[in-house]
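Reader: I have the sequence and the model open side by side, and I would enjoy a guided look. Could you take me through it in a few questions?

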Amino acid sequence: MSFEQFVFYVFAAAMLGSALMVITLRNPVHAALSLVLTFFSGAALWLLLEAEFLAITLVLVYVGAVMVLFLFVVMMLDINLARIQEGFVKLLPLGALVALLVIGMMVYVVGPGNFGLERFADPAPHGADYSNTRELGRILYTIYVYPFEIAAAILLVAIIAAISLALRKRPMTKHQDPDLQIAVRKEDRLRIVEMEAETRPAKEGKGEG
């Protein structure tokens with residue numbers, strides 16, 4: 001067994017174990033931390049495949065942003081752990097059945113009959129000047145440029161739809177209209193009032209010795 005295979009088996013075992021803990025741990029914070037370990041192990045496997053751009057993206061985007069947000073939300077919410085534990089026990093047989101079906105499909109699709117060095121040759125290692133980022137950008141913006149642009153448009157529409165659904169206009173909420181602020185005139189903001197000057201009467205007895 002080579003060193004690369006040893007590293008692969010170590011991170012693959014860590015990824016499977018942490019993914020299993022995500023769905024079995026009853027503490028949401030511990031489950032989220034296990035998911036962080038799963039992402040780290042997946043990034044290490046991407047590095048073994050010489051996909052350093054995908055590996056660093058997985059760490060920066062999911063571990064550095066998404067999972068931190070998940071942890072803040074989970075720790076700030078008052079989650080009823082007893083109710084979660086009851087649901088876990090009740091749905092355990094159904095979850096086990098779904099897991100067996102998924103494992104069976106994965107074995108059927110990516111099993112030795114479809115993948116392996118017997119059917120595909122071992123890819124040759126790239127040189128030191130190879131850039132995974134450059135190759136990924138070349139493929140995205142040449143071969144898959146139209147699917148890439150369509151996916152970007154769909155994501156933009158989804159963002160706009162999410163903002164429109166979450167936007168609520170409450171009648172008692174105070175808000176400002178930028179159009180009215182821009183179109184304002186000085187006559188609308190400043191009113192000069194002319195008043196006659198008044199003198200205060202001197203107090204009686206003031207100045208008497």
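Reader: Gladly started, then: what share of the contacts in the chain with a separation of 6 or more comes from residues 24 or more positions apart?

Author: Please keep in mind that this is a predicted model. Among contacts in the chain with a separation of 6 or more, those between residues 24 or more positions apart account for 58%.

Reader: Which elements make up the chain, and in what order do they run from the N terminus on?

Author: The chain has eight helices and zero strands. Reading from the N terminus on, the order is therefore α-α-α-α-α-α-α-α.

Reader: What percentage of the residues of the chain count as buried?

Author: The accessible surface of the chain comes to about 18500 Å², and 68% of that belongs to carbon and sulfur atoms. As for burial, the chain has 209 residues, and the part that counts as buried is 11%.

Reader: Is S18 buried or exposed?

Author: S18 lies in helix 1. Leaving aside its neighbours within four places in sequence, S18 is in contact with S34, L37 and T38. Its relative accessible area is 1%, and buried means under 20%, so S18 is buried.

Reader: Is L54 buried or partly exposed?

Author: L54 lies in helix 3. Leaving aside its neighbours within four places in sequence, L54 is in contact with W46, N132 and L136. Its relative accessibility is 32%, which falls between the 20% and 50% limits, so L54 counts as partly exposed.

Reader: How many Å apart in space are L54 and G42, C-alpha to C-alpha?

Author: In sequence, L54 and G42 are twelve residues apart. In space, the C-alpha to C-alpha separation of L54 and G42 is 9.9 Å.

Reader: You named N132 as a partner of L54. Which residues is N132 in contact with, leaving aside its neighbours within four places in sequence?

Author: N132 lies in helix 5, which covers residues 132-140. N132 counts as buried, because its relative accessibility is 11%. Leaving aside neighbours within four places in sequence, its contacts are E50, A51, E52, F53 and L54.

Reader: Now for the open spaces: which helix gives the most to the lining of the second largest pocket?

Author: Helix 1 (3-24) and helix 4 (81-110) each supply at least two residues of this lining. The one that gives the most, with six residues, is helix 4.

Reader: Of what class are the residues that line the second largest pocket, and how much space lies in this pocket?

Author: The lining consists of L16, A19, L20, I23, A99, V102, I103, M106, V107 and V110. By class, that gives ten nonpolar, no polar and no charged residues. The space that lies in the second largest pocket is about 380 Å³.

Key:
Residues are numbered from 1 along each chain as its sequence is written. This is a predicted model: local features need pLDDT of at least 70, side-chain atom pairs count only at pLDDT 80 or more; totals for chains, interfaces and linings use all residues. Side-chain values use heavy atoms; hydrogens and water are left out. On a 1 Å grid over the protein atoms alone, a cavity is a set of points where a 1.4 Å probe fits but cannot get out, and a pocket is an open set with protein on both sides within 12 Å along at least five of seven lines; lining residues have an atom within 4 Å of a point. Grid points are joined across faces, edges and corners, and a volume is the space filled by probe spheres set on the points. Helices (H or I, at least four residues) and strands (E, at least two) are DSSP runs, numbered from the N terminus. Ala, Val, Leu, Ile, Met, Phe, Trp, Tyr, Cys and Pro count as nonpolar, Asp, Glu, Lys and Arg as charged, and the others, Gly among them, as polar. Buried means under 20% relative accessible area, exposed over 50%, partly exposed in between (1.4 Å probe, protein chains only). Contact means heavy atoms within 4.5 Å. Accessible areas come from the Shrake-Rupley method with a 1.4 Å probe; for residues, only the protein chains shown count as cover.
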